[in-house]
Amino acid sequence: MSAPLDRLKAIMVRLRDPERGCPWDVQQTFATIAPYTLEEAYEVADAIDRGDFDDLKSELGDLLFQVVFHARMAEEQGLFAFDDVATAIADKLERRHPHVFGPENTREAAKADGTAQKLRWEDIKAAERQAMAQTGVLDDVPVGLPALHRAAKLTKRAARVGFDWPSTDEVFAKLEEEVGELKAEIAAGDTAKAAEEMGDLLFVVANLARKLGIEPEDALRAANAKFVRRFHFIETELAKAGRTPDQSDLAEMDALWDAAKAAERR
């Protein structure tokens, strides 16, 4: 079972060999590789969205390589090795699943719904943060997360200590307030303030998504895919007449957009 992974790790060692390795791989650092790690994670999500499981296999391999890459660089610096990474996550999974691996492993616990188990997971994480002497509730929410996802995570963390609106009604009211403030700054011609208000508006939208149990990053990714799909329909229909979108007008493209929506409903 470990032979393929051992092979991958050996390839990484060879790539990073200062004498006989790949110059590009040798030159990389944690900071230069991090953007590729994020990119590969998104490509995994994209393959899942498309239901392309052959591609998913390939993308998961690319993501695994990123883990091996980081672990190898850490091992070279005497920080930790791949086995330490695997041990750390194994320990964490056992610790955060006492209903499976600990004394709480009972038939009743196994039958508990996913929501209850997720709340238990969050309680354990909170206890771990306290044990690590993290003073702030938001301290360990990574800055490098996609902005919408991080906004939802920040508000979720704050909500756990009671800093939250009672219902979505208050969130919608705040949303209307932020829209009004954005309009006011646009009318005033203050670009900097408008950008700030746009950020506030997006933050409230992410909070609303969190209140509704929707992952805003997933929702926006689906909306992006929908836009691409419908715009491609416009391009296809115009191409039948030997034209491109820049040879059309907004009224015609709007009509084709509505036709794309109707086709999807059918």
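**Stop one: a loop residue**

Start by selecting Ile214, which you'll find in the loop between helix 11 and helix 12. Keep in mind as you click around that this is a predicted model. Is Ile214 buried, exposed or partly exposed? With a relative accessible area of 43%, Ile214 is partly exposed. Show the neighbours too: not counting residues up to four places away in sequence, Ile214 touches Ala209 and Ala219. Now draw a distance from the C-alpha of Ile214 to the C-alpha of Ala152; the two residues are 62 apart along the chain, and the separation is 9.4 Å.

**Stop two: a pair of helices**

Next, select residues 168–188 for helix 10 and residues 191–211 for helix 11. How do the two pack? Their axes are 9 Å apart and the packing angle is about 165 degrees. Angles over 145 degrees count as roughly antiparallel, so that is what helix 10 and helix 11 are to each other. The crossing of the two helices is left-handed.

On the helix 10 side, the residues in the contact include Val171, Phe172, Leu175, Val179, Leu182 and Ile186. Across from them, helix 11 brings residues including Ala194, Met198, Leu201, Val204, Val205 and Leu208. By class, the contact between helix 10 and helix 11 has 12 nonpolar, 1 polar and 8 charged residues.

**Stop three: another loop**

Jump to Ser248, in the loop between helix 12 (216–240) and helix 13 (250–265). Buried or exposed? Ser248 has 18% relative accessibility, so it counts as buried. Which residues does Ser248 contact, leaving aside neighbours within four places in sequence? Select Leu238, Arg243 and Met253 to see them.

Last, go to Asp55 in helix 4 (residues 53–76). Asp55 counts as partly exposed because its relative accessibility is 21%, and the cut-off for buried is under 20%. Leaving aside neighbours within four places in sequence, Asp55 is in contact with Ala47 and Arg50. Zoom in on Arg50: its side chain makes a polar contact with the side chain of Asp55, at 2.5 Å.

Definitions and conventions: Residues are numbered from 1 along each chain as its sequence is written. This is a predicted model: local features need pLDDT of at least 70, side-chain atom pairs count only at pLDDT 80 or more; totals for chains, interfaces and linings use all residues. Side-chain values use heavy atoms; hydrogens and water are left out. Axes are lines fitted to C-alpha atoms, for helices over the stretch in contact, and angles run from 0 to 180 degrees between N-to-C directions. Helices (H or I, at least four residues) and strands (E, at least two) are DSSP runs, numbered from the N terminus. Angles under 35 degrees count as roughly parallel, over 145 as roughly antiparallel, 65 to 115 as roughly perpendicular and the rest as oblique. A crossing is left-handed if the near helix is turned anticlockwise from the far one by less than a right angle, and right-handed if clockwise. Contact means heavy atoms within 4.5 Å. Ala, Val, Leu, Ile, Met, Phe, Trp, Tyr, Cys and Pro count as nonpolar, Asp, Glu, Lys and Arg as charged, and the others, Gly among them, as polar. Buried means under 20% relative accessible area, exposed over 50%, partly exposed in between (1.4 Å probe, protein chains only). A polar contact is a pair of N or O atoms within 3.5 Å; within protein, one must be able to donate a hydrogen and the other to accept it, and residues adjacent in sequence count only if both atoms are side-chain atoms.
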